[in-house]
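Please examine the structure shown below.

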Amino acid sequence: VGKLDEDQSDTWTFVLAGGNDYTIIGVCDEDCGDIDLTLLDDRGDVIDEDVLEDSYPIVSASPRRDAAYTIDVDMYKCDVEPCYFGMAIFSK
C-alpha cells in the first residue's frame with residue numbers, strides 16, 4: 001500500500017521463486033484515473049508492463065530462478081492528491 005501524487009513514481013522490490021507463475025495486480029482509489037505497473041528482473045530488463053489508461057494494472061511473470069524483481073509504480077492521473085494504491089502478488 002502506498003500513496004502518490006500525479007506524475008510521481010515509486011519502486012518496490014520482491015523476491016520471486018523460480019518455477020512459479022505470478023500475477024501482480026494493482027488497484028487505486030476512486031480519485032485515481034491512471035496508474036501503471038512495470039515489472040523488471042534483477043538485470044533491469046522489462047518482464048511485463050501494464051500501461052493502459054486505467055486504475056487496475058496487471059502484470060505477470062514466470063521466473064526460472066529465484067531472484068529479486070522490481071515493480072515500478074507510475075501515477076499518471078490523480079484528481080485529488082494524494083492517490084492511494086495497493087498491490088497484491090498471487091502465485092499459482
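Cys78 and Cys83 are joined by a disulfide with an S to S distance of 2.1 Å, where a disulfide is a pair of cysteine sulfur atoms within 2.5 Å. The link of Cys78 and Cys83 is right-handed, with 100 degrees about the S-S bond. Cys78 is buried at a relative accessible area of 5%, and Cys83 is buried at 0%; buried means under 20% relative accessible area, exposed over 50%, and partly exposed in between, with a 1.4 Å probe and protein chains only. By the sulfur criterion the count comes to 2 disulfides. Cys28 and Cys32 form a disulfide too, with their sulfur atoms 2.5 Å apart. The link of Cys28 and Cys32 is right-handed, at 100 degrees about the S-S bond, and both Cys28 and Cys32 are buried. With bonded cysteines counted along the chain, the pattern is 1-2, 3-4.

The model is a predicted one, in which local features need pLDDT of at least 70 and side-chain atom pairs count only at pLDDT 80 or more, while totals for chains, interfaces and linings use all residues. Residues are numbered from 1 along each chain as its sequence is written, and side-chain values use heavy atoms, with hydrogens and water left out.

The strands come next. Helices (H or I, at least four residues) and strands (E, at least two) are DSSP runs, numbered from the N terminus, and two strands pair if DSSP finds at least two bridges between them. An open sheet is formed by 4 strands in the order β2-β7-β4-β5, with antiparallel pairing. Because β2 and β5 (46-50) stand at the edges with a single partner strand each, one side of each is left without a neighbour in the sheet. From one strand to the next, the twist averages 20 degrees; axes are lines fitted to C-alpha atoms, for helices over the stretch in contact, and angles run from 0 to 180 degrees between N-to-C directions.

Within this sheet, β4 pairs with β7 in the antiparallel sense over 8 bridges, and Thr38 has Asp72 of β7 as its bridge partner. Towards β5, β4 is joined by 4 bridges, again antiparallel, and Leu39 has Asp48 of β5 as its bridge partner. The hairpin of β4 and β5 has 5 residues between the strands, and Gly44 there takes a positive phi near 90 degrees. Strand β4 is mostly covered, with 8 of its 9 residues buried.

Which residues have the most contacts inside the largest nonpolar core? They are Cys28, Ile35, Leu39, Val73 and Met75, in a core of 19 residues. Such a core is a set of buried Ala, Val, Leu, Ile, Met, Phe, Trp, Tyr and Cys residues joined through side-chain atoms within 4.5 Å. At least two residues of this core come from each of β3 (22-28), β4 (32-40), β6 (58-61), β7 (67-78) and β8 (83-91), and β7 supplies the largest share, 6 residues. Beyond its neighbours within four places in sequence, Cys28 is in contact (heavy atoms within 4.5 Å) with Ile35, Ser55, Met75, Cys83, Tyr84 and Phe85.

Phe85 is buried, with a relative accessible area of 4%. A search of the whole structure finds 1 aromatic pair. The ring centres of Trp12 and Phe85 are 6.4 Å apart and their planes are at 85 degrees, so the pair is edge-to-face. Rings of Phe, Tyr and Trp (its six-membered ring) pair if their centres lie within 6.5 Å; planes under 30 degrees apart count as stacked, over 60 as edge-to-face and the rest as tilted. Since Trp12 lies in strand β2 (residues 9-16) and Phe85 in strand β8, the pair ties together parts that are 73 residues apart in sequence. Trp12 counts as partly exposed, at 25% relative accessibility.
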